[in-house]
Amino acid sequence: MLRTPAQGCVRAWRRSLLSAASASRASALPSNSQRTYASVRKVENQVQQAFTRSEEIFKRYKPVSPGLRHLRRPLHPHLWEGRPVRALTIPKRKTGGRNITGRITVRHRGGGHKQRIRTIDFMRTTPGPHDVVRIEYDPGRSAHIALLMNRDPNAVGTQKWSYVIATEGMRAGDEVQSFRKGIPEGFIPGFDELRAKELEKAAANASSPDASAAAESSAETLAMGILRTMTLRPGNVLPLRLIPPGTVINNISLDPNGPARLVRSAGSWGQLVAHEEGSKYVQVKLQSGEVRKILRECSATIGKVSNAVWKNRQIGKAGRARWLGLRPEVRGVAMNACDHPHGGGRGKSKSNKHPRSIWGWGTKGTRTRKPGPKGPKNSNKLVVRERPRGVDLRSTN
């Protein structure tokens with residue numbers, strides 16, 4: 001078959017296009033210097049991303065099923081993925097919300113995965129440095145817990161290992177201490193001798209009692225400054241009398257010899273407001289806005305409780321709530337009249353009744369008690385200012 005001139009021209013034109021494309025690809029290939037520069041730039045970007053705070057603090061999933069579409073979990077890559085220390089746990093015997101007679105006293109409980117209770121050290125009476133071995137998940141609370149190891153070589157068993165509530169920013173390898181029993185002697189090398197020399201020098205050079213008192217107060221100020229520098233660190237336990245005003249605290253005890261009672265859930269915090277002059281109390285502001293008096297000899301942990309993003313999680317499906325031991329909730333208007341004050345009637349109506357609980361208590365704003373100074377005499381004399389309610393709460397927001 002003979003080839004026409006037009007066909008030959010077309011084929012030559014195609015060959016020229018192919019050769020030009022191959023030449024452009026060859027020129028587009030990076031050289032060794034270009035590749036090195038690109039790799040260095042990539043590493044720099046990765047380092048920059050690692051040191052900058054990322055907005056991706058939750059893990060989301062591709063919605064391949066309806067249960068994954070709205071699932072949102074906080075990202076905690078620092079958590080320990082293994083099992084807890086068995087010696088520090090006890091088995092949890094579930095009751096399904098029923099008392100000894102078999103009647104349901106707590107609704108919406110039952111089922112769930114088998115769990116073990118972690119024994120938390122809320123006393124923190126053991127002095128000396130402790131090393132944070134790891135941060136763990138606790139199914140019995142919203143906050144994370146930290147496994148501590150006592151550096152004392154004579155400590156064994158539960159005296160060597162303990163669980164505490166982890167503060168925000170606490171990681172494996174950190175060092176924490178408890179000064180609940182006071183500042184140990186020789187904690188700051190040469191500090192006691194330096195303070196004694198300053199007092200002696202001030203007493204020798206003082207020509208009046210006022211000068212000696214001023215020198216003594218300056219020495220005490222220096223002592224408190226050094227002690228606060230050495231002790232005010234997240235995770236350390238201190239008496240409230242040694243904590244300066246404005247410090248964020250958690251795990252606050254109400255008894256000088258008792259365990260921590262206040263500010264223990266995830267992301268919660270309190271703030272020491274003031275030291276009362278000539279009094280045995282200090283004023284602490286809680287996260288609700290309430291200001292109350294607490295004994296100076298009580299202790300608290302420095303910092304904020306960990307896992308602050310716990311409240312923003314989304315379970316995603318009802319089955320995951322059942323895994324956690326939660327049972328469904330039923331609306332009152334969907335019940336019979338004998339089961340709920342909102343029950344009965346025709347249609348979806350509560351028959352023009354005020355909102356009430358299943359036991360008949362008023363809900364949505366009805367006060368069932370009057371705590372604090374507004375209540376009965378000496379009902380709660382330790383509350384300095386109540387938490388804001390109603391109009392006060394809306395004005396603060």
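Which residues have the most contacts inside the largest nonpolar core? Before looking, I note that this is a predicted model, in which local features need pLDDT of at least 70, side-chain atom pairs count only at pLDDT 80 or more, and totals for chains, interfaces and linings use all residues. Residues are numbered from 1 along each chain as its sequence is written, and side-chain values use heavy atoms, with hydrogens and water left out.

Entry on the cores. I looked up the largest nonpolar core, which has 30 residues, and those with the most contacts inside it are Ile165, Leu240, Ile243, Ile249, Ile252, Val284 and Ile294. A nonpolar core here is a set of buried Ala, Val, Leu, Ile, Met, Phe, Trp, Tyr and Cys residues joined through side-chain atoms within 4.5 Å, where buried means under 20% relative accessible area, exposed over 50%, and partly exposed in between (1.4 Å probe, protein chains only). Among the elements that give two or more residues to this core are strand 6 (145-150), strand 7 (161-165) and strand 14 (281-285), strands being DSSP runs of E, at least two residues long, numbered from the N terminus. Apart from this core I found another, of 9 residues, including Val132 and Leu148.

Entry on Ile243. Not counting residues up to four places away in sequence, I find that Ile243 touches Leu238, Ile249, Leu272, His275, Ala300 and Ile302, a contact being heavy atoms within 4.5 Å.

Entry on Gln159. I located Gln159 in the loop between strand 6 and strand 7, and noted that Gln159 is exposed, because its relative accessible area is 57%.

Entry on the whole chain. Of its 397 residues, 28% count as buried.

Methods
Helices (H or I, at least four residues) and strands (E, at least two) are DSSP runs, numbered from the N terminus.
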